[in-house]
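Visitor: I have just opened this entry and would like a guided look. Could we go through it piece by piece?
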There are 2 protein chains.
Amino acid sequence: MNEHVLTRMQELRDLAGIIGLASWDQETYLPKKADPARAAQLATLQGLYHERLVDPRLAEWLDAAKETTDDQRAMVRVLRRERERAVKVPGRLVKAIAEAQSLALAAWRQARAEKNYPAFQPHVETLVTLRREQADAWGHDGERYDALLEVYEPGMKTARLLPVLTRLKDTLVPIVTKLDAVPKPKSIFAGKTFDVDAQWRFTMQLLPAMGFDLDAGRQDKSVHPFTSNTHLTDVRLTTRLSPELPFSALFGTLHEGGHGLYEQGFLPEHGRTTLSQAPSMGLHESQSRLWENLVGRSRSFWVHWLPKFQQHFPTQLAGVSLDAMLHEMNRVERTFIRVEADEVTYNLHIVLRTELELELLRGTLSTKDLSEAWNAKTKALLGLDVPSSDLGVLQDIHWSYGEFGYFPTYALGNLYAASLWKALRRANPGVDAELEKGNSAPILQWLRTNVHQHGYRHDAETIVTRATGTGLTDVDFVENLKAKYGALYGVSL
Amino acid sequence: MNEHVLTRMQELRDLAGIIGLASWDQETYLPKKADPARAAQLATLQGLYHERLVDPRLAEWLDAAKETTDDQRAMVRVLRRERERAVKVPGRLVKAIAEAQSLALAAWRQARAEKNYPAFQPHVETLVTLRREQADAWGHDGERYDALLEVYEPGMKTARLLPVLTRLKDTLVPIVTKLDAVPKPKSIFAGKTFDVDAQWRFTMQLLPAMGFDLDAGRQDKSVHPFTSNTHLTDVRLTTRLSPELPFSALFGTLHEGGHGLYEQGFLPEHGRTTLSQAPSMGLHESQSRLWENLVGRSRSFWVHWLPKFQQHFPTQLAGVSLDAMLHEMNRVERTFIRVEADEVTYNLHIVLRTELELELLRGTLSTKDLSEAWNAKTKALLGLDVPSSDLGVLQDIHWSYGEFGYFPTYALGNLYAASLWKALRRANPGVDAELEKGNSAPILQWLRTNVHQHGYRHDAETIVTRATGTGLTDVDFVENLKAKYGALYGVSL
C-alpha cells in the first residue's frame, strides 16, 4: 500500500485514540476547574484531525493507493469514505452546527430543569434546518434521513429500517399489554442499601470472567457509564455505583464490558488502521446488549453468579431465590424514561423517536408540534400520559447535539444481538450448561470469530448476515422475548 | 497581536498539554499491554507539534506579529526562540538522536543490571557525537556545552555556572568531612512498617495545607514521582508509597507539591500561551526544593505536623521527639546514589556529573575513560570507592537519552531555592511562627508574587535577581546549610 496513505491513516487513528483518552479523562479524573481548558484541547485535536483528513494530498495518495490484499482494500475504502463525507460539508456549516450544538446544549439543560419545551424549540428548529442542509451536502436519494443514518449506521437505509421497526412495534404493543396485566412480585431490594465498594469488587470479578483483559483495558467510575477506546490494547470502560440500585453497576459493567470485549477483539494487525473499529453503532450496541440482556439477565448465568453475588451482600440477599432475582432483573413496566426501560418496552421508546425524527427531517412535522407529537405517541405505544416534558420530549440529550439518526442504532443493537445469540446457540448447544458453570468462553470465542475480528472489513448487516444466515430482522428478537417472558410470567405471548 | 500567531500558539500549547496528559497517563493508569500503542501516539503528537512549530508560515506571522504589550512581546519572544532552535536542527539529526536514544536506553538497562559500563560505552559515544553536532547546529561561542545548557536552562552559560559550582564544591567537601565525623543517632524507623493507605491520607492532608488546589490538580501514585501539566487548571503530581520508607511519600509529595504550586500559579490569562511555563528547569526545581528541604525539613514545619503525623502512625511513632524526627530527616551521609543523597552532599553529585559532561562535550575526556573518571571524582568529592558501575557511572538514566546539561539544573534549583528562601524570610520575618501554627500561606503568597505569576516573562536568573536582589550565587545556600547543620549536629561549620 502507498506509504503516504498508511502513515496518514496511522496518524489519524493515533489522533482519534488520543481524543478518546482526553474524553475518557474528562469523565473520570479531570480536575473540576479544568473543563474549559480540556474543551479547548479537544477542539484543537479535532481541528487537526479534520485538517489532516480533508488534506487534498490525501485524495491523491488514496487514488494511488495500490492495495494488494482484501484488508488493504477495506482500509482504504473506509478512509476514503470518511474523507469524502468530510470534504462534502462546507466549513461554514461545520462551524454553524458546532455553535448551534453548544447553544442548544445549554438551553436543553435549562429547559429540562424548567420542564419548558418551548424554550428549547428554537434550538431544535435550528438544528433540524442545519442537519437537513448537511444531509443535502452529503447527498441522498430524496430521503434526507438516510444521509444522517449513514453517520451512525453506514449502509442502513430508511426504507430498510422502517418496515422492521413498524412490524416490531405492532408485535410489541400487545405483548406489553399482556405482560402489564400480570401482577409483579414486590422488589427484593426495596429499602436496602448495598456497599459501593462491595459492588465495585463484584464488577471487577465479573469483567475477567467475561474475558475482558484487564492488562489491555481498565474499569473506572463515572456518572454516566461509557466505553472509550484509545487502542485495542487500551479499552476503558466505566460503571456507576449507586448504594440503592445494585443493578446499576452490575448491568452497567456487563453492558460496557460487552462493548469492551468487542474493542479488544479487533485484530492486532489492524491496530493503527481504519479496520480496528466497529462498522456501526448498531453492531457495537449488539455486543453490549448481548452481554447485558441475553447473557446477564438469563437463568443460566445466575445459577453460577447468584451465590457469588450473595457472598458480597450476605445480609441484603439472604434467602433470595434464583426466581426472585430473575423477576427482579426482568421486571416489565411501562415507564416514561428510555434509559430506565426494560428489555420488552425499550424498543417502543426507540420507534417513537425514530418516527418523530423521520417526520422532522421530511418536514412533515414542525418542531413546534414536537412535544405534542411525542406525548401522543407515548400514549399510543406505551399507554401513558406524559405529565411534563422532562419525562417526555426533553428527557434525552441527543437532540441538543442535533443527533438525528442515532436512536435507531439502539434498536438495531437489540435486533442484531438476538439474531447473533440465536446463531451462537445453534452453533454451541452447550452454552447454557457452560454458563451455569460460570464459563462464558464459548460465547466470547464465537463472537470473536464471527464479529469482533472483522472490525470494519464489512458493513454491519453484512457481518450479521454472514454470522447468522439472515440480515436485519425482528423475528429472532421477538421469538426470544416471547419464550423468555412467557416462561417467566407464565403467560402465552 | 497577529491572530495567526495567537491561534498557532494556542494550538501548540494545547498539543503540549495533551502530550503531558498522555505521558502522565502512561505512568499512572495505562494498561500494561498498551505501551507500544501509547509510544506511537506520543510520537504522532510530537511529530505534529514539530511540524506546526517549524511551519514556514509561522515565521512570517511572527515577523508581522505587532505585539502591543510587554506580555505579548514576551509570548512572541519565547515562541520565536523555540521555533528558531527547532528549525536549526536538520530532520536527519533529530531522527538519528531519537534512534540512538532508543537503543541507548535498552543498552543502559541491561548494562546497569550487569554492572557492565563497556557495554554501554559505544552508546554514550554516539550520543556525545550527536549532541556535539546538535550543539553546532544550534550555534555557540566555542563552548558547545552552552548550547545544551540552553535546552534546560535558557540564558545560562558555562562561564557563569562553572565558577559557582567550583566554589560550592570547595566549600562543601570540608563541611561533609566535619559532619561525617559526628556520630549519628540510630534510625527511628528501622524495622518498622507504615501502612501505605495512612501515608496516602497524610500526603492528601499536606497538599491542600501547602495551598495546592485539588480542584485544579490531583495526586496519584507512580513508581517514580513526577509532576505533569496539561494546563494551569490541571496540574497532576504523583507520589510513591513504600511501607518501609515513610519519608519517600512524604517528601515526594512536598517536592512534587512545590512543582505543582508553581504550575498552578501561572496567570489564568497566560493559560494557552507560551508564558504559562517556567523559564527553566532550575527555577522549577527551586520550587520543589524549597518546599521539600527548606520548608519540609525545618523545625518550624514539624512543630505543627509531627503530632498529625503521629496520629496516622500512633504505634510506630509513639514517643518520637521533634529532635529525633529532625535528625532522621536531615541525616548527612556519604552515599553512592544521587537520588538518595541528603541536602548537604547532593550538590557534590551534581558537580561531579557537570564536570564530566563538560569534558565530554569539550572532547577532553573520552567516553572510554568515563567510568574511571567518575570513580576518581567520587573518591575526591565524597571519599568513597565505587565498588561497581551500577553504583557509579550507570546509576542515572539521563545519559541514555543523551541529556547532557540537565544535571546542573538540580544544583541551580538548590541555589535559587536558598536565595529565594532568604529573601522571602527577610520580607516575612514571621514565617517561622506561622509555620509552627501550620500556616504556610505567607510563603506561597510571596512565591506567587515574586516567581509564579511571571511564568516565562523573563529568564530564570532575571526572575531570581528581581526577587532576591542578587542573581545566581552559592552564598545563601552555604550560609543556610552552615546554620542549619551546625545547630543540628552541634558543630561549628
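Visitor: Which residue in E3(A) is the bridge partner of A:Arg218?
Guide: This is a predicted model, and in it A:Arg218 has A:Arg236 of E3(A) as its bridge partner.

Visitor: How many bridges link E1(A) and E3(A), and in which sense do these strands pair?
Guide: Five bridges link E1(A) to strand E3 of chain A, residues 234–239, and the pairing is parallel.

Visitor: In what order do the strands of that sheet come?
Guide: The order is E1-E3-E2 in chain A, in an open sheet of three strands with mixed pairing.

Visitor: Why is one side of E1 and of E2 in chain A left without a neighbour in the sheet?
Guide: E1 and strand E2 (227–231) of chain A stand at the edges, and each has a single partner strand, so one side of each has no neighbour in the sheet. From one strand to the next, the twist averages 20°.

Visitor: Which helix packs on the sheet?
Guide: Helix H10 of chain A, residues 246–264, does so, and it touches E1, E2 and E3 of chain A. The direction of H10 makes about 165° with that of E3(A).

Visitor: Now to chain B. What is the strand order of its open sheet?
Guide: The sheet of chain B has three strands in the order E1-E3-E2, with mixed pairing. Strand E1 (217–221) and strand E2 (227–231) of chain B are at its edges, each with a single partner strand. On average, neighbouring strands of this sheet are turned by 20° against each other, direction ignored.

Visitor: And which residue of E3(B) is the bridge partner of B:Asp220?
Guide: That partner is B:Thr238. E1(B) and strand E3 of chain B, residues 234–239, run parallel and are joined by five bridges.

Visitor: How many residues does each chain give to the contact?
Guide: Chain A gives 29 residues and chain B gives 29 residues. On the side of chain A that touches chain B, helix H1 (3–28), helix H2 (35–54) and strand E1 (217–221) of chain A each give two or more residues. H1(A) gives the most, with eight residues. By class, that side of chain A has 13 nonpolar, seven polar and nine charged residues.

Visitor: What about the domains of chain A, where do they run?
Guide: The domain assignment gives domain 1 as 3–88 and domain 2 as 117–493. Their C-alpha centres lie 27 Å apart. The contact between them takes 18 residues from domain 1 and 17 residues from domain 2 of chain A.

Visitor: Which element supplies the largest share of the domain 1 side?
Guide: H1(A) does, with eleven residues of the side that touches domain 2 of chain A. That side of domain 1 comprises seven nonpolar, five polar and six charged residues.

Visitor: Why does B:Thr335 count as partly exposed?
Guide: B:Thr335 counts as partly exposed because it has 16 C-beta neighbours inside 10 Å, whereas a buried residue would need 20 or more and an exposed one 12 or fewer.

Definitions and conventions. Residues numbered from 1 in each chain as written. Chains lettered and ligands numbered in written order. Predicted model: local features only at pLDDT ≥ 70, side-chain atom pairs only at ≥ 80, totals over all residues. Pairing = 2+ DSSP bridges. Helix = DSSP H or I, 4+ residues; strand = E, 2+ residues; numbered from the N terminus. Axes fitted to C-alpha atoms, helices over the stretch in contact; angles between N-to-C directions. Contact = placed C-beta atoms within 7 Å. Nonpolar A, V, L, I, M, F, W, Y, C, P; charged D, E, K, R; others polar. Domains from an automatic or database assignment.
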